[in-house]
Amino acid sequence: MTTETIALPADWRDFLALTKPRVMTLVVFTGLCGMLAAPVTVHPVIGFTAILCIALGAGAAGALNQWYEADLDAKMRRTAGRPLPAGRMDKQSALHFGVGLGAFSVLLMGLAVNVLAGGILAASILFYVLVYTVWLKPRTPQNIVIGGAAGAFPPLIGWAAATGGLAPLPVLLFALVFLWTPPHFWALALFVKTDYANAGIPMLPVVAGERATRTQIGLYTIPMAVAAIVPWPLKLTGAIYGVVAIVATAWFALLALRVATRSTQESDTMRPEKRLFAFSIVYLFVLFGAVVVDRWLA
Ligand code: HEM
Ligand SMILES: CC(C)=CCC/C(C)=C/CC/C(C)=C/COP(=O)(O)OP(=O)(O)O
């Protein structure tokens with residue numbers, strides 16, 4: 001009899017889980033909206049290929065992140081059930097899958113769509129894996145501020161895929177996701193703080209405490225709101241987007257203000273923090289959807 005853990009064979013669901021499919025839906029949506037916001041008509045085959053490449057590239061980034069962090073993921077309740085820490089997949093398969101998928105997505109984007117879109121896709125995968133996952137995440141609570149740039153690239157990739165160039169609107173959309181990431185993540189970090197502390201990851205609530213994290217959430221919401229609303233006065237979008245952005249941003253700001261100004265009791269349920277985190281996701285879907293509706297209806 002042996003006491004060794006026998007790894008169960010991974011099936012397609014485990015490979016899908018490696019790509020972090022739920023997070024990636026929003027990544028792909030922002031890329032799609034970046035593409036549809038551009039003032040050109042994209043050939044459907046090129047458009048479909050570009051979106052497929054963003055999805056595969058983002059999936060590759062997620063797989064390489066999980067390959068590198070298998071030991072850390074095993075220490076956190078939220079992530080312990082993932083294919084690698086749960087022993088359903090060996091690390092080499094995850095590495096091969098991530099590298100293969102990433103190379104394929106970048107090559108396909110570069111060859112079938114254009115070199116700029118392929119180049120930014122490659123940069124976002126490398127940024128997420130090397131700059132965020134390997135370098136910053138284990139070292140500094142500013143990890144997600146700088147590393148978060150990786151997740152902000154898709155609107156630029158979508159726009160570049162459609163036009164072969166860049167313009168002020170996708171740059172502002174990049175800024176919006178970039179400035180949105182700290183309130184999005186730190187709201188969650190407040191209620192999964194113990195997980196990060198157990199795994200020894202220096203996330204802001206663990207290192208600087210809850211009070212400082214709440215203040216930072218409030219502070220980042222201000223430039224985020226500016227980036228969200230400013231495309232309208234700059235005439236980069238029309239009034240449909242402007243009104244949606246103002247209403248949704250006001251709502252976001254109220255939830256963020258509640259989180260920023262509150263003191264937490266030990267037994268607290270963290271409801272305002274959970275609401276801000278949940279709304280942060282709806283917020284980006286709504287704003288990016290509004291950019292496209294505005295472009296096509298106005
Ligand atoms: C460094 C930046 C970011 C960090 C550290 C971060 C972290 C997280 C974490 C830990 C979760 C918890 C759920 C899970 O384990 O899947 C989550 C959920 C989510 N994140 Fe982020 N995130 C970041 C940036 C982004 C970006 C750029 C997007 C999309 C544009 C995004 C979209 C989402 C979505 C849609 C969910 C909900 C997933 C679900 O329903 O399970 N995140 N994020
Ligand atoms: C187009 C392209 C390549 C995009 C890259 C996508 C990207 C950077 C998404 C960022 C979102 C994300 C899952 C962060 C969490 O990482 P984490 O390691 O802190 O979360 P975890 O603890 O759940 O693993």
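Tutor: A residue counts as near a molecule if its C-beta atom, placed from the backbone, lies within 6 Å of it. The model discussed here is predicted.

Student: Which residues are the closest to ligand 1?

Tutor: Ligand 1 is surrounded by 18 residues. The elements that give two or more residues to this shell are α2, α7, α10 and α15. The closest residues are Arg22, Leu26, Ile144, Gly148 and Gly151.

Student: How do the residues of the shell around ligand 1 divide into nonpolar, polar and charged?

Tutor: The shell draws at least three residues from each of domain 1 (12-165) and domain 2 (167-298). By class, the shell around ligand 1 divides into 10 nonpolar, 6 polar and 2 charged residues.

Student: Which residues come nearest to ligand 2?

Tutor: There are 19 residues around ligand 2. Two or more residues of this shell come from each of α2 (21-37), α3 (44-68), α6 (115-136) and α8 (149-152). By class, the shell around ligand 2 has 11 nonpolar, 6 polar and 2 charged residues. Those that come nearest are Ala58, Ser124, Tyr128, Ala150 and Gly151.

Student: Which element gives the most to the side of domain 1 that touches domain 2?

Tutor: In the contact between the domains, 28 residues of domain 1 meet 28 residues of domain 2. On the domain 1 side, the elements that give two or more residues are α2, α7, α8 and α9 (154-163). That side divides into 17 nonpolar, 6 polar and 5 charged residues. With 7 residues, the element that gives the most is α2.

Student: Why does the largest nonpolar core lie between domain 1 and domain 2?

Tutor: This core has 96 residues, and those touching the most other members are Val28, Ala50, Ile54, Ala117, Leu121, Ile157 and Leu287. Its largest share, 14 residues, comes from helix α10 (residues 168-191). The core lies between the domains because residues are given to it by both domain 1 (12-165) and domain 2 (167-298).

Student: Which residues is leucine 287 in contact with, leaving aside its neighbours within four places in sequence?

Tutor: Leu287 is among the core residues that touch the most other members. Leaving aside neighbours within four places in sequence, leucine 287 is in contact with Ala228, Val244, Ala245 and Ala248.

Student: Is threonine 30 buried or exposed?

Tutor: Threonine 30 lies in helix α2. Not counting residues up to four places away in sequence, threonine 30 touches Pro154, Pro155, Val177, Leu284 and Phe288. Its C-alpha atom is separated by 9.5 Å from that of isoleucine 157, which is 127 residues away along the chain. A residue needs 20 or more other C-beta atoms within 10 Å to be buried, and threonine 30 has 28 such neighbours, so threonine 30 counts as buried.

Student: How far apart in space are threonine 140 and isoleucine 201, C-alpha to C-alpha?

Tutor: Threonine 140 is found in the loop between α6 and α7 (143-147). Threonine 140 counts as partly exposed because 16 C-beta neighbours lie inside 10 Å. Threonine 140 and isoleucine 201 are 61 residues apart in sequence; in space, C-alpha to C-alpha, they are 8.6 Å apart.

Student: What value is phi of lysine 20 near?

Tutor: Lysine 20 lies in the loop between α1 (12-18) and α2. With 18 other C-beta atoms within 10 Å, lysine 20 is partly exposed. Its phi is positive in a residue other than glycine, near 50°.

Student: What value is phi of methionine 270 near?

Tutor: The loop between α14 (239-261) and α15 (271-297) holds methionine 270. Methionine 270 has 18 other C-beta atoms within 10 Å, so methionine 270 is partly exposed. Phi of methionine 270 is also a positive value in a residue other than glycine, near 60°.

Student: How far apart do the end C-alpha atoms of residues 277-297 lie?

Tutor: An unreviewed UniProt entry places the feature "transmembrane region" at several spans, including 119-136 and 277-297. Residues 119-136 are 100% helix and 0% strand, with end C-alpha atoms 22 Å apart. The span 277-297 is likewise 100% helix and 0% strand, and its end C-alpha atoms lie apart by 30 Å.

Definitions and conventions. Residues numbered from 1 in each chain as written. Chains lettered and ligands numbered in written order. Predicted model: local features only at pLDDT ≥ 70, side-chain atom pairs only at ≥ 80, totals over all residues. Helix = DSSP H or I, 4+ residues; strand = E, 2+ residues; numbered from the N terminus. Nonpolar A, V, L, I, M, F, W, Y, C, P; charged D, E, K, R; others polar. UniProt positions renumbered as here; feature names shortened; annotations may be inferred. Buried ≥ 20, exposed ≤ 12 C-beta atoms within 10 Å, placed from the backbone. Core = buried A, V, L, I, M, F, W, Y, C linked by C-beta atoms within 7 Å. Domains from an automatic or database assignment. Contact = placed C-beta atoms within 7 Å.
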